[in-house]
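I opened a new page in my notebook for this structure. Below are my entries, in the order I looked things up.

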Amino acid sequence: MTPGPAPVVSFRDATKAWAKVAVYSFGGPAGQIAVLHRVVVDEKRWLSEERFLHALSYCMLLPGPEAQQLATYTGWLLHGVRGGLVAGCLFILPGFLAILGLSVLYAKFQHVGFVAAVFLGLKPAVLAIVVEAVVRLKSRALRGSFSSVVAAVAFIAIFFFGVPFPIIVAAAGGLGYLAHRLRAAPPTSSLPSRAAPPPVGHMIATVSFWLLVWFAPILVVIALTDPGHILVLQATFFSKVAVVTFGGAYAVLAYVAQQAVEVYGWLSAGEMLDGLGLAETTPGPLIMVVQFVGFLAAFRNPEAMHPLLAGTLGAVITSWVTFAPCFLFIFAGAPYVEWLRGHRALQAALNGIMAAVVGVVLNLAIWFALHVVFAEVTRVDLVAARLWVPAPASINLGAAVIAAGALIAVFRFRVGMFAVLGGGALLGLLFQSL
């Protein structure tokens with residue numbers, strides 16, 4: 001099933017845009033959402049702010065990488081399933097290839113220092129783009145005191161109290177619905193909806209197809225090996241990870257690290273941090289760190305295969321079971337989400353969720369900023385609350401200078417994203433050589 005009316009955009013132009021988003025998608029979910037927003041909403045004007053936030057609200061409800069799912073959703077809005085496939089796959093491909101190559105180098109030489117030299121300046125530059133996205137979202141999505149209060153409460157809940165995102169979403173949706181019933185909600189969407197919900201048979205067929213896509217490689221691996229084979233263990237473990245990653249990659253990395261290090265013994269805690277560093281400094285979702293884990297695990301337990309072949313297969317099967325569910329969630333759920341845009345009470349609940357998303361993105365931006373500028377950030381627990389306190393002595397002056405310059409370039413001189421990222425990379429190389 002294809003989505004409702006959307007701007008007339010050629011498939012070729014859209015594919016170029018998705019490739020651009022994929023190459024520039026550094027900086028974790030906040031940076032990736034900012035890049036996608038800038039391209040799709042600000043530069044191309046293919047989607048309105050309202051429709052973009054509507055899609056983002058749904059994607060943030062799902063387990064898995066919300067930025068990749070949002071790219072898939074926007075591609076589906078423009079060109080149906082083929083558009084979603086191209087947008088979603090291109091979002092993954094650059095990061096997959098980059099981490100695969102770096103994993104090979106890491107496994108063979110245990111040396112990734114050159115990565116820091118190349119990407120030192122990218123994260124501070126992305127930080128400026130993230131801040132710009134937060135400002136834009138705030139000015140366009142928070143319409144009235146009700147939505148502002150919801151956004152503020154969502155930020156406080158997740159940043160200071162660590163409230164799980166699904167709880168924030170449920171509460172925000174409930175508040176939006178309640179406010180609508182009390183006639184205190186902001187105006188609901190003016191966007192047209194479908195006249196009728198999508199056929200149930202279509203959803204069943206879609207779910208069945210993507211479940212087959214998801215599990216077929218696992219069944220093949222089981223048939224060709226045995227239940228204790230490393231590839232089978234990876235396929236089953238990371239399939240489970242794929243459906244519990246609510247709240248973004250950061251929320252699940254502790255679980256992955258604990259299982260991969262302490263239970264399976266696939267890699268050390270230090271190597272897990274190295275993998276996280278690779279994922280943070282290459283394009284694509286941060287959850288791509290699981291590909292690094294999958295490569296090392298199979299590389300070190302190759303069974304009868306060549307270690308490089310085993311590592312590559314481990315990276316492929318891990319990535320497959322991580323992202324196949326994302327396409328299932330979007331292609332099965334997005335038609336219903338689009339249909340719900342015209343239901344006033346349900347739309348009011350989504351409006352509450354949209355406001356909460358602004359607070360959550362602000363949380364991601366601040367968390368990202370602290371970890372870009374400071375090498376050491378300590379969590380301090382205060383009764384029920386928590387604070388993230390940076391160590392002043394650990395400040396990265398190079399990152400701080402690049403971030404300040406990027407912010408000035410973005411807000412004062414309106415420098416384009418490509419120039420900001422390219423300039424940040426060059427400055428990173430310069431600082432690294434000093």
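**Entry 1: one proline.** I started with Pro-307, which is partly exposed because its relative accessibility is 29%. My cut-offs are these: buried means under 20% relative accessible area, exposed means over 50%, and partly exposed lies in between (1.4 Å probe, protein chains only). Pro-307 sits in helix H14, residues 307–339. Helices here are DSSP runs of H or I with at least four residues, strands are runs of E with at least two, and both are numbered from the N terminus. I then looked across the chain from Pro-307 to Ala-107. They are 200 residues apart in sequence, yet their C-alpha atoms are 9.8 Å apart in space.

**Entry 2: ground rules.** I noted that this is a predicted model, in which local features need pLDDT of at least 70, side-chain atom pairs count only at pLDDT 80 or more, and totals for chains, interfaces and linings use all residues. Residues are numbered from 1 along each chain as its sequence is written, and side-chain values use heavy atoms, with hydrogens and water left out.

Entry 3: I looked up Ala-98 next. Ala-98 is in helix H4. Its relative accessible area is 26%, so I wrote it down as partly exposed.

**Entry 4: helix packing.** How do H4 and H13 cross? H4 covers residues 66–109, and its axis comes within 9 Å of the H13 axis at roughly 40°. That angle makes H4 oblique to H13. Axes are lines fitted to C-alpha atoms, for helices over the stretch in contact, and angles run from 0 to 180 degrees between N-to-C directions. Under 35 degrees counts as roughly parallel, over 145 as roughly antiparallel, 65 to 115 as roughly perpendicular, and the rest as oblique.

I also checked H10 (residues 230–242) against H13 (residues 289–300). Their axes are 10 Å apart and the packing angle is about 160°. H10 and H13 are therefore roughly antiparallel. H10 passes H13 in a right-handed crossing. H4 also makes a right-handed crossing with H13. A crossing is right-handed if the near helix is turned clockwise from the far one by less than a right angle, and left-handed if anticlockwise.

**Entry 5: salt bridges.** How many salt bridges are there? The rule asks for a side-chain nitrogen of Lys or Arg within 4 Å of a carboxyl oxygen of Asp or Glu. By this rule I get six. One of them joins Lys-20 and Glu-43, at 3.0 Å from N to O. Lys-20 is in helix H1 (residues 11–23) and Glu-43 in helix H2 (residues 28–43), so I marked the pair as linking distant parts of the chain, 23 residues apart. Lys-20 is partly exposed at 28%. Glu-43 is partly exposed at 36%.

Glu-43 has a salt bridge with Arg-38 as well, with the closest N and O atoms 3.7 Å apart. Arg-38 is buried, at 11% relative accessibility.

I then turned to Glu-271 and Arg-300, whose side chains meet in a salt bridge of 2.6 Å, N to O. Glu-271 is in helix H12 (residues 269–280) and Arg-300 is in helix H13, so this pair ties together parts 29 residues apart in sequence. Is Glu-271 buried or exposed? Glu-271 is buried, with 12% relative accessible area. Arg-300 is partly exposed at 34%.

**Entry 6: positive phi.** Most residues other than glycine have a negative phi. I found Glu-303 with a positive phi of about 55°, although it is not a glycine. Glu-303 is in the loop between H13 and H14. At 53% relative accessibility, Glu-303 is exposed.

Val-383 also has a positive phi, near 55°. Where is Val-383 found? Val-383 is in the loop between strand S1 (377–382) and strand S2 (385–390). Its relative accessible area is 90%, so Val-383 is exposed.
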